[in-house]
Amino acid sequence: MAEENKVKLHGMWASPYVQRVEIALKIKGIPYEYVEEDLVNKSQLLLQYNPVHKKVPVLIHNGKSICESLVILEYIDETWKNGPPLLPQDPYKRAKVRFWTSFVEKELLENVLLVVRSEGEAQEKAIKVVFEKLKLLEEGLKDLFQGETHHIDGENMGILDIFLCSLFGAHKAQEEVLGVKFIDPEKFPLLSSWVTAFTEVAVVKALQPPHEKLVVVYQFLRQKALQPSAAEVEVKEGVYVRSLSRSHLPDTLI
Amino acid sequence: MEEVKLIGTWPSPFSSRVIWALKLKGIPYEYIEEDLSNKSPMLLQYNPLHKKIPVLVHGGKPIYESAVILQYIEDVWPQNPLLPNDPHERAVARFWVQFAENKVPCIWRLFRTTGGEEQEKVNKESMEMLRALEEHGLRDKKFFGGDKIGIAEIAYGQVAHWLEMIEDLVGVKLIEAHTFPYLHAWTKNFNQVPLIKENLPDYGEMLMYFKRARDNFLTSRGPGM
């Protein structure tokens with residue numbers, strides 16, 4: 001019988017990349033210790049465990065570190081085979097899921113961040129690109145499930161669900177800050193129903209920061225990009241964002 | 001076994017990645033050379049989203065994006081594995097494959113520069129990427145995974161063979177024995193693996209092809225940009 005070896009996750013509460021790993025750990029029922037990192041004042045441990053990128057998330061298992069959220073998810077899936085699988089068994093379906101996960105990361109996320117960080121004509125252009133990519137994703141999801149319904153619950157979230165969730169779980173905050181509705185049920189019915197379904201999953205609900213905090217995060221990201229010289233604003237807001245911390249999670253009394 | 005086809009182009013490092021993986025595992029396949037200036041109906045049918053190569057077609061089903069193809073090949077044909085057995089070592093190999101996807105494109109941005117601030121910036125980025133490979137990826141190992149080539153070698157083939165061509169055309173030198181001793185040794189070792197040696201585009205032909213491509217790009221871009 002295998003020993004349950006210690007699992008630690010170095011993260012930051014507002015990071016969607018960290019959220020991906022937490023969702024996976026919770027779905028698989030893997031107990032772990034969470035270590036909140038101050039990204040302005042990175043710990044020695046973080047620098048030691050992720051010398052190349054110096055970023056979160058970092059998973060520590062059996063004293064060894066694993067970095068990059070997708071790599072961590074694959075590691076979790078291969079190491080803890082008891083819980084629900086994060087990838088399908090069939091190699092062709094696996095390839096499709098990997099393709100669309102990469103698409104969400106490289107083509108959607110990057111462009112959504114561009115919308116957050118730009119204004120005027122540049123922003124309009126970026127918004128147009130996001131809608132084009134969403135349309136491709138909608139078609140891709142149809143093809144992926146070929147008519148079968150993909151029922152999402154805490155038992156069967158896979159890596160694509162997790163990646164989409166980490167990007168669009170905050171869609172209402174994105175809408176409020178950016179004034180653009182990406183998850184539009186009329187334009188993207190399948191994607192919208194997915195996003196609604198996974199924000200209702202208990203594990204995701206427990207990990208998702210409340211709407212007001214997410215709004216602050218997006219406003220902060222936007223301010224930081226558009227007014228880089230406004231150092232005072234950045235420091236003030238940065239302090240505020242850091243101070244919000246994980247107090248929204250149910251196992252604290254705040 | 002169901003039929004395997006590979007649609008690719010001879011100068012593309014991404015196309016070569018798939019060839020190396022298929023040959024390493026001894027998988028018979030039909031190779032189809034694509035003319036990217038006149039894309040075939042077959043390519044447009046198999047990869048309507050990006051219309052790019054390489055595309056692997058297995059039993060009539062298309063798989064595209066070279067990193068996805070490599071994982072697919074590993075999943076379907078486990079012989080001569082590209083990934084190590086140990087879960088942590090697998091994670092390390094995958095980390096470096098992802099690093100290649102994110103960072104190696106800067107050498108192609110370097111390919112498009114002609115000098116000045118832009119070239120300096122991209123040159124610096126490329127050097128940082130190589131420094132990470134030298135100090136954290138390779139360190140003193142012969143190959144990323146130890147003694148044998150694996151998925152990381154396949155991912156970094158561009159750095160072993162195509163980077164030299166980019167250095168020649170742009171007039172810069174990135175990898176030198178005294179600045180990147182491990183990486184320098186690695187490029188030599190990689191290029192000498194018999195299977196790789198037999199499946200690399202001819203250097204002279206490649207140089208000519210990419211020189212033409214670069215000249216076309218720079219002309220169409222116009223002066224002063």
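Q: So which residues does B:His58 touch, not counting those up to four places away in sequence?
A: B:His58 touches B:Glu2, B:Glu3, B:Val4, B:Ile63, B:Tyr72, B:Val76 and B:Trp77. Contact here means heavy atoms within 4.5 Å.

Q: Before I go on, what am I looking at, and how is it numbered?
A: This is a predicted model, where local features need pLDDT of at least 70 and side-chain atom pairs count only at pLDDT 80 or more, while totals for chains, interfaces and linings use all residues. Residues are numbered from 1 along each chain as its sequence is written, chains are lettered from A and ligands numbered from 1 in the order in which they are written, and side-chain values use heavy atoms, with hydrogens and water left out.

Q: OK, back to the histidine. Which strand does B:His58 lie in?
A: B:His58 is in strand β3 of chain B, residues 55–58. Helices (H or I, at least four residues) and strands (E, at least two) are DSSP runs, numbered from the N terminus.

Q: Is B:His58 buried or exposed?
A: Buried, with a relative accessible area of 8%. Buried means under 20% relative accessible area, exposed over 50%, and partly exposed in between (1.4 Å probe, protein chains only).

Q: And which side chain makes a polar contact with the side chain of B:His58?
A: That of B:Tyr72, at 2.7 Å. A polar contact is a pair of N or O atoms within 3.5 Å; within protein, one must be able to donate a hydrogen and the other to accept it, and residues adjacent in sequence count only if both atoms are side-chain atoms.

Q: Zooming out: how many helices and strands does chain B have?
A: 10 helices and four strands. Along the sequence the pattern is β-α-β-α-β-β-α-α-α-α-α-α-α-α. The radius of gyration of chain B is 18 Å, close to the 17 Å that the globule rule gives for 225 residues, so chain B is as compact as a globular protein of that length. That radius is taken over C-alpha atoms, and the rule is 2.2 Å times the number of residues to the power 0.38.

Q: What box do the C-alpha atoms of chain B fill?
A: Roughly 55 × 45 × 30 Å, taken along the principal axes. Of the 225 residues of chain B, 52% count as buried. Among contacts between residues at least 6 apart in sequence, 68% join residues at least 24 apart.

Q: How about chain A, how many helices and strands there?
A: Chain A has 11 helices and four strands. Of its 254 residues, 52% count as buried. For contacts in chain A between residues at least 6 apart in sequence, 69% join residues at least 24 apart.

Q: Which residues of α3(A) are buried?
A: A:Ser69, A:Val71, A:Ile72, A:Leu73, A:Glu74, A:Tyr75, A:Ile76, A:Asp77 and A:Glu78. That is nine of the 11 residues of helix α3 (residues 69–79) of chain A, so the helix is largely enclosed by the rest of the structure.

Q: What about phi of B:Lys51?
A: Phi of B:Lys51 is near 55°, a positive value in a residue other than glycine. B:Lys51 is also in the loop between α2 and β3 of chain B, and is partly exposed at 38% relative accessibility.

Q: And B:Arg139, where is that?
A: In the loop between α6 (116–138) and α7 (151–170) of chain B. B:Arg139 has a positive phi of about 45° although it is not a glycine, and is partly exposed, with a relative accessible area of 45%.

Q: Why point these out?
A: Most residues other than glycine have a negative phi, and most peptide bonds are trans.

Q: Last one: is B:Val172 buried or exposed?
A: Buried, at a relative accessible area of 13%. B:Val172 is in the loop between α7 and α8 (181–192) of chain B. Leaving aside neighbours within four places in sequence, B:Val172 is in contact with B:Leu110, B:Gln119, B:Asn123 and B:Glu167.
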